[in-house]
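Here's a quick tour of how two chains come together, plus a look at some of the packing inside one of them. Have the structure open while you read.

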Number of protein chains: 2
Amino acid sequence: MNFVGYKCGVCGQEFSPEEIRYRCDSCNGPLLVTYDYGSLAKKVTVKSLAEKPAGVWKYRELLPVSPSTEPVSLGEGATPLHEAKTLASSIGLSNLFLKDDGRNPTGTFKDRGATVGMTVAVERGMHAVGTVSHGNMGTSMAAYAARAGQTCYILAPEYMTSARVLYLSVYGAKVIQVVGGYDSMYDESLKIAKKHGVLFINSDNPFREEGYKTIAFEIVEDLGWQVPDWVVTPASSGGLASGLGKGFEEFKELGLIPRIPKLAVVQPSDAQPIVVAFEKSAETIKRVDHEFTSIVRSLGNPYPPSGNRVLKLLQELGGTAIAVPDEETIAAQRDLARIEGIFAEPAGAITLAGLRRLIKLGKLNKDEKVVLVVSGFGFRDPGDADKLVDKSVTIDIEDLESVIATS
Amino acid sequence: MNFVGYKCGVCGQEFSPEEIRYRCDSCNGPLLVTYDYGSLAKKVTVKSLAEKPAGVWKYRELLPVSPSTEPVSLGEGATPLHEAKTLASSIGLSNLFLKDDGRNPTGTFKDRGATVGMTVAVERGMHAVGTVSHGNMGTSMAAYAARAGQTCYILAPEYMTSARVLYLSVYGAKVIQVVGGYDSMYDESLKIAKKHGVLFINSDNPFREEGYKTIAFEIVEDLGWQVPDWVVTPASSGGLASGLGKGFEEFKELGLIPRIPKLAVVQPSDAQPIVVAFEKSAETIKRVDHEFTSIVRSLGNPYPPSGNRVLKLLQELGGTAIAVPDEETIAAQRDLARIEGIFAEPAGAITLAGLRRLIKLGKLNKDEKVVLVVSGFGFRDPGDADKLVDKSVTIDIEDLESVIATS
């Protein structure tokens with residue numbers, strides 16, 4: 001195993017790798033897994049990567065498990081990077097790509113984190129996993145736990161629609177609806193996990209992040225080892241943005257790419273703690289206190305546990321952050337589907353809405369190469385379905401020809 | 001282009017390739033595209049295939065478009081073939097694999113047919129496409145038409161739930177609800193198509209079949225060029241089974257495999273025209289006249305247009321056909337999700353239910369190598385959701401530890 005330790009994503013403090021760790025003892029920042037990049041640089045090369053089958057486990061030298069461990073896999077990663085020519089010209093860009101990560105096994109980028117987290121749990125002889133989630137992450141962990149034959153606990157809010165409960169329990173997870181907010185569940189779950197040998201793989205768990213970073217690896221490889229100028233990503237806990245940043249940083253550290261793209265983080269106007277802090281050049285985020293009503297449910301995190309880490313990344317890498325109202329996210333969802341044939345959930349389409357705002361604000365140059373991370377599949381969570389649909393017509397069969405001839 | 005003509009899948013009559021054709025002038029059987037296999041055998045080899053990126057278009061020498069045509073693609077095919085060890089041992093098999101075709105762009109195997117059909121339409125300068133569908137095929141064609149910037153007409157039944165209308169129109173297709181049955185829409189659409197330059201890509205259109213056959217190619221390649229003993233497939237129009245048979249036959253014709261697996265076709269008890277005809281050793285299927293109430297909606301075809309072709313295939317290749325009641329399909333759906341982490345729509349899970357019946361009937365040997373085609377993703381159409389879900393518990397946060405410690 002090449003995993004040599006943990007490093008806090010905020011204050012940089014280092015920890016030894018033996019124990020399962022989640023957060024920094026000093027500043028409570030999210031921990032990140034570190035490797036011996038010097039020795040890895042000889043093993044992980046453009047040539048060595050070209051010879052391996054695509055997917056998250058292509059990068060196993062850069063994942064925190066031993067080479068002999070069989071991954072718990074459902075065939076995650078290796079999602080398409082589509083060039084979006086028509087959409088690009090409609091917004092005046094010359095180079096626009098969509099990283100269609102809704103093409104993962106349960107319809108979301110979360111599967112990349114779940115495969116790594118679940119494999120770590122099996123390797124370390126743990127008997128169960130868990131997560132705090134009312135959405136995609138819970139479903140994803142449940143699927144991987146089923147594949148591994150392990151118990152999965154999902155801690156979910158007290159109030160959920162029956163459709164949500166279906167999604168969470170279809171893979172046989174134990175769904176526990178808890179009276180109490182997201183952060184108290186997050187903190188409590190980590191304490192209990194340690195004590196009972198359960199690996200709790202919450203939003204920005206260090207092993208989960210290792211899966212997310214493979215999106216950055218794939219983007220670079222699919223662009224023929226070119227580095228895009230911008231990568232636009234949604235942010236809820238901040239885990240996805242954090243993982244993307246780590247992926248690009250590692251490829252640079254290994255000498256595989258000469259520079260790191262700028263990250264643009266997008267949040268719904270209704271829940272924008274990272275955007276607010278970024279605009280104030282603050283070092284720490286402040287909790288959002290109002291009730292969340294946006295249709296972009298999966299981005300409704302009032303106090304992102306990787307928020308401070310993302311702020312630091314944006315400041316270091318010259319990125320930006322932008323909030324968009326729901327109407328613009330719905331318009332983006334419609335356009336992705338109708339112009340490019342990609343049906344994204346609202347959280348996946350929000351990156352297009354964010355990109356449009358950034359162009360209007362002159363924050364990015366029209367000849368820059370842009371990749372939008374489309375993080376989830378629309379059939380999992382369509383959002384405001386009524387706004388995505390046009391009225392159909394009803395006719396008699398003998399009128400069919402005239403309808404087709406004239407429309 | 002290697003496309004040299006059409007051949008009727010039932011009576012064998014041949015037609016020249018210039019015109020777009022759908023069905024046989026003599027017997028109304030579905031037409032299949034033919035190639036010059038003699039010259040292709042030199043070009044399509046194990047080695048040539050190993051060098052190409054995975055997906056439907058890997059097999060473009062065996063697809064009916066010119067080599068210079070840019071495919072209309074959303075990254076279809078290259079779906080995982082999972083070994084299902086736990087499930088296999090639970091039913092006493094030694095070699096069971098799941099071809100997870102719900103991993104296609106719109107969550108269904110139909111995308112393999114849509115990419116080929118849409119590319120043919122663009123290559124031939126047609127301005128619109130259409131399909132008769134109230135489900136997966138309509139959604140799939142709509143996505144590919146959006147990607148190509150073309151109009152898509154979807155002819156659908158008069159009565160549909162609003163969820164269905166969402167699925168059909170989210171990609172911007174023109175949904176036309178027609179008063180009149182499926183077969184009259186099928187026949188009428190082909191007539192209108194010819195007249196108005198619209199390519200109607202119905203369930204068993206010859207170009208669509210060319211996409212489906214790539215499932216057979218991928219199964220063989222993913223098994224390291226071994227031929228399974230059985231491939232179990234759902235059947236509605238019969239198009240999928242027909243395409244699978246064609247794929248294996250072509251690989252044999254090209255000298256790539258020594259034999260063809262047996263096909264087992266599964267239908268819901270409520271709509272089993274192919275099974276009934278097969279059991280009577282009939283050469284033609286008879287229309288099912290009762291109203292269809294099964295939850296396996298996408299297999300509710302009363303008079304499969306490729307039914308006679310499938311009967312012929314089963315008789316020639318030594319296959320079989322089996323019907324299963326909905327309860328067994330629901331149990332199969334639960335087991336695929338909970339044992340292997342694959343959430344299939346009812347039509348995708350029915351193959352496991354069929355397999356279990358075939359084992360009980362002694363129709364297949366327990367040491368035979370079996371591949372189940374899991375044709376669609378459960379988040380597209382969960383079926384009877386209530387039966388897939390267990391009751392969740394609601395607790396106070398201070399009771400969390402005791403719940404985890406004791407469960």
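## How the copies meet

The two copies meet through the same surface, because 100% of the interface residues of chain A are also interface residues in chain B. Contact here is a matter of C-beta atoms, placed from the backbone, lying within 7 Å. Bear in mind that this is a predicted model, where local features need pLDDT of at least 70 and side-chain atom pairs count only at pLDDT 80 or more, while totals for chains, interfaces and linings use all residues. As for labels, residues are numbered from 1 along each chain as its sequence is written, and chains are lettered from A and ligands numbered from 1 in the order in which they are written.

## Who does the touching

In numbers, 60 residues of chain A contact 60 residues of chain B. On the chain A side, elements giving two or more residues include α5 (136–148), α7 (182–196) and α12 (326–340). The top contributor is β8(A), with six residues. Helices (H or I, at least four residues) and strands (E, at least two) are DSSP runs, numbered from the N terminus.

β8(A) also runs parallel to β14 (residues 393–396) of chain B, joined by four bridges; strands pair if DSSP finds at least two bridges between them. Along that pairing, A:Q177 sits opposite B:T394.

## A sheet in chain B

Chain B has an open, mixed sheet of six strands in the order β4-β5-β13-β10-β11-β12. β4 (81–83) and β12 (320–324) of chain B are the edges, each with a single partner strand, so one side of each has no neighbour in the sheet.

Further in, β10 (residues 230–234) and β13 (residues 369–374) of chain B pair in parallel over three bridges, with B:W230 opposite B:V370.

## Two helices crossing

In chain B, the axes of α4 (residues 110–123) and α5 (residues 136–148) come within 9 Å and cross at roughly 40°. Axes are lines fitted to C-alpha atoms, for helices over the stretch in contact, with angles from 0 to 180 degrees between N-to-C directions. The contact involves, among others, B:M118 of α4(B) and B:Y144 of α5(B).
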